[in-house]
Amino acid sequence: LWTIAVTLSITGLVMAPLYVVAYAASDHETDARHHTEASTWVNSVTNVGTSLGAVAAAWLYTHTGPAAVFVAILAALLLLLAAAAQTRERSDPDTVL
């Protein structure tokens, strides 16, 4: 139980800044009159991703056990970090947000 509590706490610490950046980026990339729509898209896409992730994790857990779920999370995290590194290399260093 403590492993789950620690894992979820770390997830929360990672997700909070992610939401700040996502909403700030959506505001930055859209016209002021479209900020509400952009924020709605961020929220909707987050909900879809969370739902699909829950389904995938439940299926994986049911068919292979909890270890495979953690391995899948680690693999997804590594892919995300690699994609972020690629994006950072291609971005303009003078651009803020």
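How many residues line the largest pocket, and which lie nearest its centre? The legends below take that up, along with two other close-ups.

**View 1. The largest pocket and its lining.** This pocket is lined by 29 residues, and Thr7, Thr11, Met15, Ile73 and Ala76 are the ones nearest its centre. Helix 1, helix 2 and helix 3 (66–90) are the elements that each give two or more residues to the lining. A pocket here is an open set of points on a 1 Å grid over the protein atoms alone where a 1.4 Å probe fits, with protein on both sides within 12 Å along at least five of seven lines; lining residues have an atom within 4 Å of a point. By class, the lining splits into 22 nonpolar, 7 polar and no charged residues.

**View 2. Serine 26 in helix 1.** Serine 26 sits in helix 1 (residues 2–29), helices being DSSP runs of H or I with at least four residues. Serine 26 is buried at a relative accessible area of 10%, where buried means under 20% (1.4 Å probe, protein chains only). Leaving out residues up to four places away in sequence, Serine 26 touches Ala38, Ser39 and Val42; contact means heavy atoms within 4.5 Å.

**View 3. Helix 2 and its end.** The buried residues of helix 2 are Ala38, Val42 and Thr46, and they pack against helix 1. Just after helix 2, glycine 65 has a positive phi of about 110 degrees.

**Notes.** This is a predicted model: local features need pLDDT of at least 70 and side-chain atom pairs count only at pLDDT 80 or more, while totals for chains, interfaces and linings use all residues. Residues are numbered from 1 along each chain as its sequence is written, and side-chain values use heavy atoms, with hydrogens and water left out.

Definitions and conventions. Buried means under 20% relative accessible area, exposed over 50%, partly exposed in between (1.4 Å probe, protein chains only). Ala, Val, Leu, Ile, Met, Phe, Trp, Tyr, Cys and Pro count as nonpolar, Asp, Glu, Lys and Arg as charged, and the others, Gly among them, as polar.
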